[in-house]
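Me: I have a protein model to go through. Can we take it in short questions?

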Amino acid sequence: MEVLKRAREIEREGRRVIHFEVGEPDFPTASVIVEAAKRALDDGHTGYTEALGIPELRNAIADDYRLRFGINIESRRIAVTSGASGALNLLFSVLLNPGDKVLMSDPGYPCNEAFVRVVGGEPIRMPVDESTGYQPTVEIVKERWTADTVGVVLATPSNPTGSMIQKEQLESINDFVAEREAFVLVDEIYQGLVYEPDLDAVATSSLAIDPELIVVNSFSKYFGMTGWRLGWCVVPNSLIEALERAAQNLYIAPSIVAQYAALAAYSPEGFGVSEERRTRFQRRRDLMYRGLCDAGLEVPLKPEGAIYLYANISSCGLDSETFSSRLIEEYQVAVTPGTDFGSHRAHEYVRFAYTAAEDDIRRGSEIIGRAVRRFRNEI
Ligand SMILES: Cc1ncc(COP(=O)(O)O)c(C=O)c1O
């Protein structure tokens with residue numbers, strides 16, 4: 001966020017910045033979705049809805065699991081929320097008691113720590129790196145597990161690395177956790193933004209491994225609706241009532257306009273737009289991966305999903321914060337230091353988001369190449 005703020009200041013001074021720090025698609029929401037929102041307003045859909053979302057949308061999400069992924073989920077197990085953020089807040093508020101410990105990856109999505117802390121829980125980070133494909137293994141989970149641990153949060157594809165969890169990894173973690181009657185919560189917010197996953201990866205949804213898992217998802221990324229604040233979670237039957245009560249009390253209902261708009265995301269036209277954008281993200285990923293490697297940076301994992309590359313910058317002789325701050329100040333290229341995502345080897349890594357146009361990725365990679373040579377005193 002510091003880098004983004006600095007980037008905006010530089011832009012206000014009239015200088016151009018190349019943005020590789022922004023964690024949201026740079027495309028506007030598909031017009032079929034926008035038109036559906038306008039229609040919803042014209043039709044008078046302006047009041048509260050059911051706390052867990054309008055039945056039409058819960059049904060559409062359940063149908064989508066069945067049609068695209070072959071997974072049967074009753075729509076009553078789907079709770080529509082204010083973004084994945086709303087789902088995570090809601091879930092932790094019903095799953096945790098003060099003092100409960102929750103395991104999560106380091107590096108990982110930083111807000112999870114805050115979501116757990118706000119209800120009195122204690123986040124415990126699990127260090128992950130290239131040796132396990134940036135995903136925890138059951139051994140890592142076992143090492144950190146204590147009597148107070150009540151659950152594990154996973155993310156596939158993950159932010160900031162784009163890594164996907166392997167089926168075996170998920171199965172063994174799930175078996176270990178299930179024996180302890182604890183929860184596994186999988187954040188699948190980048191579901192759909194997946195490019196040629198290998199056969200061992202969980203390519204569709206973790207629900208295919210175990211339909212009783214808790215899964216969090218969102219309209220933000222694949223459907224390009226970040227600002228609409230709409231997401232969902234799939235939960236076991238035993239959680240629905242508690243979730244409904246919590247939603248009623250905490251925020252009453254998700255946005256009605258966003259919900260009617262999101263219905264249109266499930267139309268052939270809506271999928272057409274999302275799939276075309278996915279292809280563009282894949283091209284950008286390839287371009288940026290090549291660009292960063294040519295720039296002399298080490299990218300340990302060519303990610304199979306999400307919108308990020310996680311590169312090791314330690315060969316420049318700088319820590320990730322100095323690297324990011326010199327890159328924005330001296331070269332007007334904005335990136336996010338690994339320290340925004342945790343502490344495990346965070347000084348060695350920088351996240352590059354390929355949420356910029358291909359021309360910017362080409363130009364930005366060249367500039368980064370020059371910067372890297374300069375940082376290494378080669379020029
Ligand atoms: C891994 C992950 N989870 C959750 C979120 C929150 O997303 P939203 O609240 O927009 O659905 C993000 C946002 O970038 C994310 O990267």
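Reply: Start with a term: helices (H or I, at least four residues) and strands (E, at least two) are DSSP runs, numbered from the N terminus. This is a predicted model, where local features need pLDDT of at least 70, side-chain atom pairs count only at pLDDT 80 or more, and totals for chains, interfaces and linings use all residues. Residues are numbered from 1 along each chain as its sequence is written, and side-chain values use heavy atoms, with hydrogens and water left out.

Me: Where does P157 lie?
Reply: A cis peptide bond joins P157 to T156, with omega about -15°. Most peptide bonds are trans. P157 lies in the loop between β5 (149-155) and α7 (167-179).

Me: Which residue does a cis peptide bond join to P107?
Reply: P107 lies in the loop between β3 (101-106) and α5 (111-118). Omega of the cis bond is about 10°. The partner is D106.

Me: Is E181 buried or exposed?
Reply: Phi of E181 is near 50°, a positive value in a residue other than glycine. E181 is in the loop between α7 and β6 (183-187). Buried means under 20% relative accessible area, exposed over 50%, and partly exposed in between (1.4 Å probe, protein chains only). At 77%, E181 counts as exposed.

Me: Is Q332 buried or exposed?
Reply: Q332 sits in the loop between α11 and β10 (333-334). Its phi is positive too, near 55°. Most residues other than glycine have a negative phi. With a relative accessibility of 16%, Q332 counts as buried.

Me: What is the relative accessible area of S320?
Reply: S320 is found in helix α11 (residues 320-331). Contact means heavy atoms within 4.5 Å. Not counting residues up to four places away in sequence, S320 touches residues including I313, P337 and Y349. S320 is buried, and its relative accessible area is 0%.

Me: Which residues does A62 contact, leaving aside neighbours within four places in sequence?
Reply: A62 is found in helix α3 (residues 55-69). It is buried, at 6% relative accessible area. Its contacts beyond those neighbours are I73, S75 and I78.

Me: How many disulfides does the structure hold?
Reply: A disulfide is a pair of cysteine sulfur atoms within 2.5 Å. The sulfur of C316 is 13 Å from the closest cysteine sulfur, in C293, so it is too far for a bond. C316 is buried, at 3%, and C293 is partly exposed, at 31%. The number of disulfides is zero.

Me: What separation do the centres of domain 1 and domain 2 have?
Reply: Domain bounds come from an automatic or database domain assignment. Domain 1 covers 2-28 + 273-371, and domain 2 covers 31-269. Taken over C-alpha atoms, the centres are separated by 26 Å.

Me: Which residues of domain 1 lose the most area to domain 2?
Reply: Buried area is the accessible area (1.4 Å probe) that two parts lose on being put together, summed over both. Between these domains the buried area is about 2,700 Å², and carbon and sulfur atoms give 52% of it. Three residues together make up 26% of what the domain 1 side buries: E304, F341 and H344.

Me: How many salt bridges does the rule find across the interface of domain 1 and domain 2?
Reply: A salt bridge is a side-chain nitrogen of Lys or Arg within 4 Å of a carboxyl oxygen of Asp or Glu. The side chains of R345 and E130 meet in one, at 3.6 Å, N to O. Across the interface, the count is three.
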